[in-house]
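Subject: the two-chain model

Hi,

Here is the structure I promised to pass on.

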Amino acid sequence: MSGVELAFWVLGAVAVGSSVLVVTGRNPVASLLFLVVSFFALAGLFVTLEAHFLAAIQILVYAGAILVLFLFVIMLLNLGSPEEAAVRLRRGPAAALAVLGAVGFALILFLVVGPLDTPAAAGPDGVTGAPAAGGAAGTAAADAAGRAAGPGVAESGIAADPAAAGRDPGAAGGAAAGTGPAVGTTAALGSALFREYLLPFEVTSLLLLAAMVGAVMLAKRQR
Amino acid sequence: MVPVSHYLALGALLFTIGVAGVLVRRNAILVFLSIEIMLNAVNLTLVALSRAVGNLDGQVVVFFVITVAAAEAAVGLAIIVAMFRRRETVDVARFDLLRG
């Protein structure tokens with residue numbers, strides 16, 4: 001059994017187990033914390049699928065923002081009777097999930113960092129998924145622009161773009177092959193997002209604005 | 001290499017757990033958490049199929065799903081807060097104003 005398969009089974013078990021505990025839990029705060037565990041396991045599964053950017057977004061947006069919002073609301077509404085306000089986790093499942101989760105993330109660390117240590121890897125740039133070639137081209141373009149901060153940044157973005165686009169089939173091929181120095185597909189994903197899916201991306205900002213206005217209007221105390 | 005069918009089975013299992021939570025739980029917050037589980041099960045399916053097909057469209061869709069989930073959580077929690085102010089409960093069985 002390879003490392004990826006082992007990581008899949010361990011993280012899948014963690015995701016399913018913590019999701020069951022979310023649904024069956026008595027205390028909303030405990031359910032929420034188990035959901036955080038489930039989302040971390042799903043982020044690990046995204047890593048096994050070579051979707052490193054989505055794994056990072058999963059943790060930042062879901063575990064970092066959305067679940068904190070839920071936690072605020074639960075504590076604001078003061079749900080549950082006061083005597084069970086302290087989070088009492090069921091020891092057995094929680095301990096099993098903790099051990100399994102630690103093993104899973106050790107495997108993920110091994111999977112992601114291991115390839116970078118080999119000489120074939122492109123270097124630490126691979127962690128962020130930024131291709132070394134694109135970064136170098138961007139830096140050169142910034143130098144050409146006279147190192148002016150604003151134009152330099154814009155220039156490097158434009159210069160990196162064709163490099164990323166040229167790399168797109170290569171990155172997809174690397175993802176299909178499963179290994180190789182192309183760790184992550186962040187550059188290819190960004191290229192797809194800002195080229196083919198530019199209009200949906202902009203509509204998304206409108207959606208977020210509408211959601212923000214709606215949430216403020218709904219939660220505002222009525223006069 | 002893990003076959004894509006395993007990821008699809010895992011996604012289906014997680015989605016079923018989420019559906020069970022939506023149907024069984026009566027606390028509105030837990031219903032929302034179950035919806036998040038369902039969204040994530042679909043995300044896992046999309047990423048797995050994106051890799052199986054060999055292009056990135058599935059991952060872009062997951063990006064949009066996460067954005068929409070954030071908007072949904074914000075508006076939904078605001079509705080829950082408003083309902084709690086009015087009814088002093090978050091039990092979905094007691095939100096029966098529209099009952100005929």
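Two housekeeping points. Residues are numbered from 1 along each chain as its sequence is written, and chains are lettered from A and ligands numbered from 1 in the order in which they are written. This is a predicted model, so local features need pLDDT of at least 70 and side-chain atom pairs count only at pLDDT 80 or more, while totals for chains, interfaces and linings use all residues.

**The chains one by one**

Chain A has nine helices and zero strands. Helices here are DSSP runs of H or I with at least four residues, strands are runs of E with at least two, and both are numbered from the N terminus. Of its 223 residues, 34% are buried (20 or more other C-beta atoms within 10 Å of a residue's own, with C-beta atoms placed from the backbone; 12 or fewer is exposed, in between is partly exposed). Take the contacts in chain A with a separation of 6 or more: 63% of them join residues 24 or more positions apart. A contact means that the C-beta atoms of two residues, placed from the backbone, lie within 7 Å.

Chain B has three helices and zero strands. Its radius of gyration is 17 Å, well over the 13 Å that the globule rule gives for 100 residues, so chain B is more spread out than a compact globule. (That radius is taken over C-alpha atoms, and the rule is 2.2 Å times the number of residues to the power 0.38.) Along the principal axes, the C-alpha atoms of chain B fill a box of roughly 50 × 25 × 25 Å. Buried residues are 44% of the 100 in chain B.

**Inside chain A**

Helix 1 (residues 3-24) and helix 2 (residues 28-48) of chain A pack at about 160°, with axes 8 Å apart. Axes are lines fitted to C-alpha atoms, for helices over the stretch in contact, and angles run from 0 to 180 degrees between N-to-C directions. So helix 1 of chain A is roughly antiparallel to helix 2 of chain A (over 145 degrees; under 35 is roughly parallel, 65 to 115 roughly perpendicular, the rest oblique). The residues in this contact of helix 1 with helix 2 of chain A are 14 nonpolar, seven polar and no charged. Nonpolar covers Ala, Val, Leu, Ile, Met, Phe, Trp, Tyr, Cys and Pro; charged covers Asp, Glu, Lys and Arg; the others, Gly among them, are polar.

**Where the chains meet**

Chain A brings 55 residues to the contact and chain B brings 47. Helix 3 of chain A gives the largest share of chain A's side, eleven residues. By class, that side of chain A has 44 nonpolar, nine polar and two charged residues.

- Helix 9 of chain A and helix 3 (residues 57-87) of chain B pack at about 10°, axes 8 Å apart, which makes them roughly parallel. Residues in the contact include A:Leu207, A:Leu208, B:Val68 and B:Ala71. The classes are 17 nonpolar, three polar and no charged.
- Helix 2 of chain A and helix 2 (residues 28-53) of chain B pack at about 5°, axes 11 Å apart, so they are roughly parallel too. Among the residues here are A:Phe39, A:Leu42, B:Glu36 and B:Asn40.

Cheers
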